[in-house]
Structures are given as C-alpha cells and as structure tokens.
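Please look over the chains shown below. The notes that follow take up strands, sheets, helices and domains in turn.

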There are 2 protein chains.
Amino acid sequence: MENFTFHVSTDIRFGKDRLDELPEVLESFGKRVLLVYGGGSIKKMGLYDQVMARLKANNNQVFELSGVEPNPRVETVRRGVEICRDENIDVLLAVGGGSTIDCAKVVAAATLYEGDAWDLVLQRRTFKGPALPLVTILTLAATGTEMNSGAVISNLSTNQKLGVGSPSMLPKVSFLDPQNTYSVNAYQTAAGSADIFSHLIENYFKRTEGTDVQDAVSEGLMRTVIKNCPIALKEPQNYEARANLMWASSLALNGLTGNGKTGSWSCHPIEHELSAFYDITHGVGLAILTPRWMDYALSDETVDTFAQFAWNVWNVEERVPMLAARIGIQKTYDYFKDCGIPMTLPEVGINEEKFDIMAKQAVEHNKIKTMAYVPMDVEDVKEILEACLTESSFV
Amino acid sequence: MENFTFHVSTDIRFGKDRLDELPEVLESFGKRVLLVYGGGSIKKMGLYDQVMARLKANNNQVFELSGVEPNPRVETVRRGVEICRDENIDVLLAVGGGSTIDCAKVVAAATLYEGDAWDLVLQRRTFKGPALPLVTILTLAATGTEMNSGAVISNLSTNQKLGVGSPSMLPKVSFLDPQNTYSVNAYQTAAGSADIFSHLIENYFKRTEGTDVQDAVSEGLMRTVIKNCPIALKEPQNYEARANLMWASSLALNGLTGNGKTGSWSCHPIEHELSAFYDITHGVGLAILTPRWMDYALSDETVDTFAQFAWNVWNVEERVPMLAARIGIQKTYDYFKDCGIPMTLPEVGINEEKFDIMAKQAVEHNKIKTMAYVPMDVEDVKEILEACLTESSFV
C-alpha cells in the first residue's frame, strides 16, 4: 500500500425527504444562491419547485444557470462565472447529475480565478486555488462527483474533455435522496451503473501490492452494482435498489477504493476522447471499452488479478486462473449487454474514421503510456478501439 | 436502508514517515500543545522523541498528560482538563491507541464544558458542546477512534464504562503510520483485530433491509482482518499486514458500515460491563462474547443473515443455511482461538460471581432489551455470560 491522504469532508445527507434541511445548510454560506441545473428534467419531476419553495421561504436571492449539457462545456462554465461575479453569489446549489455538479464545481473555482476558465481546467490536478462553496442535490447515481473534488469539462472547439480538481471544489454538503433517481430512464440508469462499475475497475486494476482494504471495498461495491442495477431497471421505483446504487456511486470514487494505489486509469482516458469527438454518453462509452480493454490487458503477468476479479466479483467457479479470468471478462460484457447498453461503437454512431486522432490524443492527454496498469501506446489504443467495432466473445 | 448523515471530516495522513507534516498541521490551531499518551511505550519505541524533536523545532509549548490507562478513567480526564485550563492549551496531540485518543477527546470537550467531566460522559450521544481541536498519532489498530467522534470512559468508583460522543470530538487530523504498530505484541495485535472484527459484526447484524453497500463493505473488511491478523502475528514488521489492519480499523467504525442501519449493538454493551468490573482487555472480552452471542442469536428468524455471513466472510461451502451458519460461528470462535486469544472468562480471571450485576447493568446502561438485533433481557445476558465459562463447540 502506498502513502495516501484521505480527507473527504462533504456532509452527506442521505435518504428520503430531507430538503427541509436545505435552508439551514445554505444559510451558513449566505443569501445569494446560484442554482445550477441541466435541461429541465428537474422541473418535470417537481424537484425544481420543491427547491425554489424552500429558497423563497428562506428569503434567498436565487439566480440560475440552466442548460448544462450532458458533457458540460467550458462555454457554460464561463456563463456561470459571469453570473457569479455580476451578482456577487455566495453559494452554488447544483441540482442534477454529474455534469451539472461538475460544471458548478468549475464555475465555483473559476469565479475566484483571474484567468479564463479553460486555463484553469488545463491545470488539471495541479490547480490549488479557492472556490465558492457548493451544495449539491444529486439526481443520478453515476459519477461520484457529489463526494469528491474532481470535475470533467469539455471544450468542443479543441475536441478536449479533461479532468480538473482541487480540495476547494469538494461539495460542502450533498443531498442524496434515492427517490430523485426514480425518473431516470433505463438507458441512463444502465449507463450510470456502468460508470460506477468502471470507476471501481479503474481503481481495482493497479500494480500496487498489499491493498486488501481497497480491493475488498471495490469488490463489494461491484457486487452491489451488479445486484441492484437490474432491479432498478425492472422496478424504477425500488427504493433499496436506487439507494444502494446511489451510495455506491459516491463511495466508488471518493478515495476509498483508489487512495493508497498508484498508476493511471485505462478506460476513462480513451472514453474521454470518444465523448470529446462524438459527445456520446460517458457510461456507455466505458461499458463498450471496458471488456475489450480487459481482453487487451489480460496476460500471464496480470492473470492473477483478473482471476481474483472473476472469483470475488462474479463468483466464477472455474479454478484455472486464465480460464476464470476469461469467464470474468465475458460476464462483464454480458452484464452490460443485458442491462441494455449498446456494446459496439457503430451502435452509438462511431466508426473508425477518427481512431487515429482519438488514440493519439488519449495517449497525449494522459499518462497511459507510462503509468497505466498495462501501459498503452497509440497503436494499443487503436487496437482496443478496433475491437469495439463488432460484437465480442472472450471465452 | 434508513436515512443517515455521513460527515467524517478527519484529514487522514496514512503511510510511512509523515511526521514532518506535524508542525504545519498543529500550526493552524496554535502553539500550546497538550501531548496525551499512555504508559510510556511511545518512549520505548522512539516515537515520543520523534514527536518532541519536531515540536521543539517548531517552537511549540508542550505540556503533557501521561499515564492514560488501557480503559481510560474519568480521573485522568479531569487531570487533563486542569492542564488545558491552567495552561491555555490550543490543541491536543494524542499519541497512542484507542484509550489515549478517547481520553484526549473527552479532555478536549470537558475543558470547554462547565460541569464535571463525568456529567459530560453521562450525556452519552446527546452531548452537543464544543471541544478543543485534536490531532492524533495512532499506534494500535483497533478501536477506530482515530476517525470517528466517539469515546469510551470508565468510572471505577461507580463500575461504569460508558460511550460518549459529539461531532466536535472528531479528530481534525490523524496520522496513521503502520510502522508505529510494529512493536504491538501478539496479544494486543490479536485483541485489536478482534475489536475491529467486532465493530463489523455489530454493524452487520442489524434488522434494516436493503443495505448491500454497508454489508459488502463490512464483509470485505472482515475478510481483510481474517487474512492480515495472522500475518501480523507471525511477522510483526510486515508493513502490508499492519497497513491493512490499520486502515480497516478506521473504516470499520467511521460510519461506512453502520450508517443507514438502525438498532443497538449487542456484544459491546456486555463487554463494557466486563471491563468496568474487571478491567480486562476490551478486544479479548469481545472475542470471548461474540461467538456465544451468535449462538444465542441464531434462530430460524435470523438464519439467513448468519448463513450469508458464513458464505461471504468465511467462504463456507455448506449450502444448508442453518448448517452453514453454525460452521460460520465455529470458524469465528476457532479464528480468535488460533490468534492466541483466551476464549473463556475464567482464563481472564472472571467467574460467575458478578454475572447478576453485570447482566443487570448491561441492560440498564443500554438499549439491548428493545433495540438489539435479538433483544436481550437480564436473563439472556446471563445465559451468554454462562456460556463463556467453558470451551464451546457450535457445530
């Protein structure tokens, strides 16, 4: 286990009907609130009205940044910064999924930053500046952003989708009411679950030895997703399934499963290129890539970890490690497919046309060439992308 | 899953040789430090000198509260309060195991409390007052106090050992260097591991349904303890084993495995009476009680959870739930015994003499009669204590 710091001070208010706590929470930061949300689904589900009623009763001055995109764009961040500065905002309230919260995080930091918002994003994880306080109300179990300090912002003019983060961007308080995910449709529920699963996979497959705690937590959360996503797909209003997916999303990426392990992620850097060029659903891109990446990464050198994954996560009975590993990969693929996720790139409108540039950028924008579980150069990324063109079988 | 709040803001500095960060950490709170420690083992291992050298170089004014007992007493808390008030202490630095940190927590709160320290303890979990800031350097993987807001204090004059806690008592920063547990002897290593295991058991066996996340994390941490304690016993300087035990201790009792589930604990309330009357090692008392409590609690109504425990934690192959459950209990008993823990009460100097009063107090001081997984009245507690008089077999 490597040295690590774990400092996650977000105050999680988990459970049913806790919005009455919102005014008191906001009160500690100030009266002037920037409400950040996406395309209006929070209006359809009634959450917007519930929030506004409480803010009005509390005499908050509310300003709005709406229309945050599924892959939030730097232009939207800039729009938010302008409002925060013009209206002297005290606290941001993001109501939505990962995109909305990510956008709000960068607005919160960029408001207090002298340069342009994209310059801030380009500092990635080295950014150390302050940020306005952020409170979130989560409506999608997926990215884990509600309990961590990272955000991902897209710049379509440069075809870049990059992660950025600093402790100041950690939400102060996050409201996690599983009922707010009842209206998430099957496609987004599956994509969100794939995102959670992918975070666990990315942290699980690392070269650091002696990380039983992290790995056991990862395995447990993967089993939780495997069990509960199909229930939520079948019964969208099953509270326990939605609750377990939601809490798993937060714990999958708050440091519990990754801190103490080193190395870069593998599938996310590639998926970010897919989203940057084609604006596809992040979790779907990850689901398509993950089994093909696994197939690429499996070797005599890595077979022990893949076999452990097969045994501990998928309860594979086969005891020969290489065979067990292959069954584990197949089960991962089949699982995503059974959840209704399109499992080839052509199904989401992507062909080989931009594989070269995407593979090149995946390597350039990240450290997968030197720091990944199995290091990948441009040709390796291309090979993985090509494997995503058709249906696959791994056993 | 029940509604819950999870707000654990302790800044964990995990890993090797991070004490150079200590001066900067203390600096944010002030110059006047109360160093709290136990019987002097930190001097023998050199940690005292390492800490003092850094505090001296940082021009801290250091005062000392030493001699904190294994079951810390209210008299020691009072002594600490006096120093804090007389010397105008800015921050407490607890260097030691759970007892030392627990003592420091209550000193930190009682210093700012108008009444006597024992009156504060008697408020249990309802105490809401402020506390001086506390930094800890952990030297024993066991209680989890380094990352939670609770403490346990004994009053031998009234034969009471009671838990107390408030958010203000949560350590601000905790240094977790697994190397600081290398010198923990086999007996204390096993007892500490039994304590971790017991926290997981107490949170696992609850009546709340739909807590897959909490239960999967519990199972994973139990497997981590089961694997790593025997390694640490055999190789006291095995870094990975010590690291996994240490991080498991913090996560076992910081809310991850318990929040979202309701009901009172079962074994701890009984053990606290054993310790209050006989001053035995807490983890040993828990190890002795746990399998007998399991045997008491196992029934047709509870068999599913016990079978799940046997399958997921002990990898029991037997598929008949009641048989699997019994094997799981037997494995728990055998495991503690193999770790060198004396598994009967007479071996730790306890006979039936005070069973009546201890059973009575266990019920009076806690909510086990109404809120436990399987409710227990005085006669039930006595039955469990009686089962601890001789060696047991459960299959």
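In chain B, strand β3 (residues 32–36) runs parallel to β4(B), and five bridges join the two. Arg32(B) has Gln61(B) opposite it in β4(B). Strands and helices here are DSSP runs (strands E, at least two residues; helices H or I, at least four), numbered from the N terminus, and two strands pair if DSSP finds at least two bridges between them. This is a predicted model, in which local features need pLDDT of at least 70 and side-chain atom pairs count only at pLDDT 80 or more, while totals for chains, interfaces and linings use all residues; side-chain values use heavy atoms, with hydrogens and water left out. Residues are numbered from 1 along each chain as its sequence is written, and chains are lettered from A and ligands numbered from 1 in the order in which they are written.

**Sheet with β4(B)**
- The open sheet has seven strands in the order β1(A)-β2(B)-β9(B)-β6(B)-β5(B)-β3(B)-β4(B), with mixed pairing.
- Its edge strands, β1 (4–6) of chain A and β4 (61–65) of chain B, each pair on one side only.
- Neighbouring strands of this sheet are turned by 20 degrees against each other on average, direction ignored (axes are lines fitted to C-alpha atoms, for helices over the stretch in contact, and angles run from 0 to 180 degrees between N-to-C directions).
- Helix α9 (residues 239–252) of chain B packs on the sheet and touches β1 of chain A as well as β2 (11–14), β6 (134–138) and β9 (173–176) of chain B (contact means heavy atoms within 4.5 Å).
- The direction of this helix makes about 170 degrees with that of β2(B).

**Sheet with β4(A)**
- Seven strands form an open, mixed sheet in the order β4(A)-β3(A)-β5(A)-β6(A)-β9(A)-β2(A)-β1(B).
- β4 (61–65) of chain A and β1 (4–6) of chain B have a single partner strand each, so one side of each is left without a neighbour in the sheet.
- Strand β3 (residues 32–36) of chain A pairs with β4(A) in the parallel sense over five bridges, and Val36(A) has Leu65(A) as its bridge partner.
- Helix α3 (residues 47–57) of chain A lies across β3, β4, β5 (91–96) and β6 (134–138) of chain A, at about 150 degrees to β4(A).

**Domains of chain A**
- An automatic or database domain assignment divides chain A into domain 1 (11–180) and domain 2 (185–387).
- Their C-alpha centres lie 26 Å apart.
- The contact takes 26 residues from domain 1 of chain A and 29 residues from domain 2 of chain A.
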